[in-house]
Amino acid sequence: MNKFVWKKKDLLGLEELSADEILHILDTSKSFYEISTRAIKKVPVLRGKTVVNLFFEPSTRTKTSFELAEKRMSADIVNVSASGSSLTKGETLIDTVKNLAAYKIDILVMRHSVPGSAHMLSKILEASVVNAGDGAHEHPTQGLLDIFTIRQKKGRIENLKVAIVGDILHSRVARSNIWGLTKLGAEVILVGPTTLVPKHFEAMGVKISHNFDDVIGDVDVINMLRIQKERQKKNLFPSLREYSDLFGLDERRIKKIKKDAIVMHPGPINRGVEMSASVADGPFSVILDQVTNGLAVRMAVFFLVTGGRKGKGVM
Amino acid sequence: MKLLLKNGRLIDPKNNIDEKMDILAENGKVSQRGKSLKGSGCKVIDLKGCAVFPGFIDMHVHLREPGREDQETIETGTLAAAHGGFASVVCMPNTEPPVDNEGIVELIYAQARTSGVVNVFPVACISKGRMGEDIAEVGSLKKAGAVALSDDGNTVMNSNLMRRVLEYSSMFGIPVIDHCEDFNLSGDGVMNFSENSIRFGLKGIPSASEDIIVARDIILSEMTDSHIHLAHISTAGAVDLIRRAKKKGLKVTAETAPHYFTLSDRYLETFDTNFKMKPPLRTEEDRKAVVRGLAEGIIDAIASDHAPHVQHEKDVEFDFAPFGIIGLETSVGLALTHLYHKKILNLTQIAERYSLNPAKILNFKDKGHLSEGADADFTVIDTEKNWTVKADDFYSKSKNSPFIGWELKGKPVLTIPGGKIAYNELPGKT
């Protein structure tokens with residue numbers, strides 16, 4: 001492991017991290033990966049620390065992953081969901097969080113539909129803020145676990161070609177992947193319809209293609225994103241049938257991929273829409289490895305952001 | 001009551017004056033102009049080192065009264081105006097209730113008489129309830145004293161209503177002001193659609209949303225031969241459309257706000273809601289086009305779009321924060337720093353953008369110039385004064401400014417509406 005010293009209080013996004021910082025999280029994650037392979041899957045790293053999971057959007061897998069990471073690190077945890085909180089009674093987010101912080105919490109994990117919400121809280125809290133997804137902006141732990149999985153399977157990130165396919169416009173997973181992968185030297189190609197992959201993404205240092213078949217045989221990694229049916233209502237594409245025909249990864253298209261390529265998906269999968277069942281369960285798929293790795297990455301993030309600091313309230 | 005302003009540099013574009021000259025005000029009017037005027041029995045103010053302008057007019061502000069007195073009142077809004085160098089403000093009709101009948105126009109005038117410290121001129125609605133459906137009683141509103149018509153933030157999306165109000169209002173000589181935004185294109189956007197909105201994951205409002213309505217309004221102005229004034233222009237496309245309209249000699253005028261010539265959408269990277277307004281901050285190219293538009297006179301006026309919001313309304317997640325920032329107290333300082341000191345506008349042009357042109361657009365015959373008999377409205381500026389924008393210095397009830405902490409050069413130091421001092425920070429307070 002390198003001798004890098006982690007200094008950040010929060011994990012808000014991959015845009016603001018350096019390549020060294022990202023590599024340091026990935027290296028730290030390796031040590032935590034091993035814990036979940038033990039018979040007794042618990043370490044005392046966060047013993048006596050309090051973590052609040054504040055989720056304003058429905059989430060099963062991310063929330064479960066964070067919770068398991070917290071429990072396996074022996075933290076005391078509290079789950080607050082939007083529907084059961086005072087926010088439905090008209091309290092502002094800042095007031096809600098200041099009240100939570102008055103309990104001297106150590107880490108706040110938050111998922112929110114509005115970009116920048118975690119950044120806003122990080123400025124008023126002494127506790128660490130871990131962004132579990134802010135609107136279409138970033139989902140840093142997902143980006144990190146995707147990159148961890150690629151490195152685990154391919155041995156490196158540099159000079160790999162990674163296609164991210166689907167609704168890039170609304171995807172925080174895509175943005176975190178783009179920042180992380182490009183910082184580590186991969187070539188990223190965004191694939192999707194013109195309405196969901198506007199040319200403005202090029203400013204983030206990526207290539208764009210609107211023809212999946214042109215790209216598929218040339219890439220080492222294919223990361224398929226979930227397509228939401230609601231987008232159809234906004235005229236971003238005419239039908240799921242047409243979307244699936246143009247950008248779905250099915251038996252016909254999977255034949256074109258490189259023999260050593262991997263197929264990823266952040267979940268949950270719409271089987272038969274962006275990906276056929278046989279591809280999701282097929283030999284190229286590393287989807288369940290992503291889930292396992294997510295736990296290790298989140299444990300590493302908690303370890304780094306708390307780094308021996310005391311629980312505090314509002315700044 | 002007589003007031004003699006001595007030794008100032010008088011800037012009066014209408015009368016081609018830019019020289020050291022004294023000016024005497026009597027009973028609220030300019031009575032004499034000249035070298036070494038002697039004042040007997042009058043208050044004398046020495047303005048050596050300062051520039052004296054015809055009173056500045058901010059033709060686009062929100063005073064929030066009636067309805068949202070927690071955000072601003074006519075009293076605090078006009079105190080802010082006086083502090084910012086404005087002898088007159090033109091307030092928008094998106095109050096609660098809206099200014100769609102004579103009663104509300106009269107209420108605003110009455111309130112301004114009792115608690116206002118500068119001149120207040122209300123704009124009335126184009127449509128009843130600002131609903132964009134039925135035309136308001138333009139004749140009655142004009143008679144009650146409304147100086148212009150606008151549905152403010154609610155663009156008149158119905159082109160036929162816009163056509164009819166342009167036709168109908170022209171017989172009263174009352175200008176129509178439009179906030180140009182195609183709501184279908186804006187959707188639920190919260191910032192400019194650009195590389196930056198893509199980067200931040202925030203929903204974008206394309207500049208086409210503004211350009212399309214600007215183009216439509218220009219076409220309707222030509223068709224009806226009526227005056228349209230385009231509010232807070234922010235895009236390169238709109239500047240271009242207005243340039244072409246003016247070349248054609250159409251009755252089209254336009255304003256922009258200080259944030260469109262000083263800021264661009266990259267500032268949103270902090271997710272600070274004090275950078276959230278409509279129209280949104282655009283790209284650096286748009287900003288430069290607005291600056292060019294001001295330099296060429298394509299954009300006639302600078303107006304602040306002063307939009308007070310209380311702290312707790314802005315201290316929320318970006319999508320949930322209201323659009324708008326205050327601007328009365330930073331407008332002139334920003335223009336002097338970023339237009340005058342950067343040699344984009346000279347002081348005569350500053351006087352045009354802040355006083356003469358707004359007066360012309362609004363048919364204020366006795367404002368915007370310092371001819372004998374004109375209203376004794378003066379804005380006095382120390383163009384070399386360095387100062388820092390501080391929230392604590394604002395007279396406005398609200399503090400939602402993105403410019404807090406900015407270092408500016410040039411500041412209004414004395415504001416005189418109707419021959420009476422409304423704000424004075426001259427040393428010694430003569």
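Okay, let's start with one pair in chain B: the side chains of Glu296(B) and Arg243(B) come together in a salt bridge, 3.0 Å from N to O. Glu296(B) belongs to helix 10 of chain B and Arg243(B) to helix 8, residues 236-247, so this pair ties together parts that sit 53 residues apart in sequence. As for Glu296(B), its relative accessibility is 46%, so it counts as partly exposed. One thing to keep in mind as I go on: this is a predicted model.

Staying in chain B, there's also a network. Lys29(B), Lys367(B), Asp375(B) and Asp377(B) are joined into one by salt bridges that share partners.

Here's another pair from chain B. Arg199(B) and Glu269(B) meet through their side chains in a salt bridge, at 2.9 Å from N to O. What does that pair tie together? Well, Arg199(B) is in helix 6 of chain B, residues 195-200, while Glu269(B) is in the loop between helix 9 (258-262) and helix 10 (284-296), so the link is between parts 70 residues apart in sequence. And are the two partners buried or exposed? Arg199(B) is buried, at 18% relative accessible area, whereas Glu269(B), at 44%, is partly exposed.

Over all chains, the structure holds 45 salt bridges.

Which parts of chain A touch chain B? Helix 3 (93-101), helix 4 (117-122) and helix 6 (172-183) of chain A are the elements giving two or more residues to that side. Helix 4 has the largest share, with three residues. Sorted by class, that side of chain A has 12 nonpolar, seven polar and four charged residues.

Last bit, the contact as a whole. Chain A puts in 23 residues and chain B 17. About 1,600 Å² is buried between the two chains, and carbon and sulfur atoms give 66% of that. On the chain A side, Val114(A), Pro115(A) and His200(A) lose the most area to chain B, together 31% of what that side buries. That's it from me, thanks!

Key:
Residues are numbered from 1 along each chain as its sequence is written. Chains are lettered from A and ligands numbered from 1 in the order in which they are written. This is a predicted model: local features need pLDDT of at least 70, side-chain atom pairs count only at pLDDT 80 or more; totals for chains, interfaces and linings use all residues. Side-chain values use heavy atoms; hydrogens and water are left out. Contact means heavy atoms within 4.5 Å. Buried area is the accessible area (1.4 Å probe) that two parts lose on being put together, summed over both. Helices (H or I, at least four residues) and strands (E, at least two) are DSSP runs, numbered from the N terminus. Ala, Val, Leu, Ile, Met, Phe, Trp, Tyr, Cys and Pro count as nonpolar, Asp, Glu, Lys and Arg as charged, and the others, Gly among them, as polar. A salt bridge is a side-chain nitrogen of Lys or Arg within 4 Å of a carboxyl oxygen of Asp or Glu. Buried means under 20% relative accessible area, exposed over 50%, partly exposed in between (1.4 Å probe, protein chains only).
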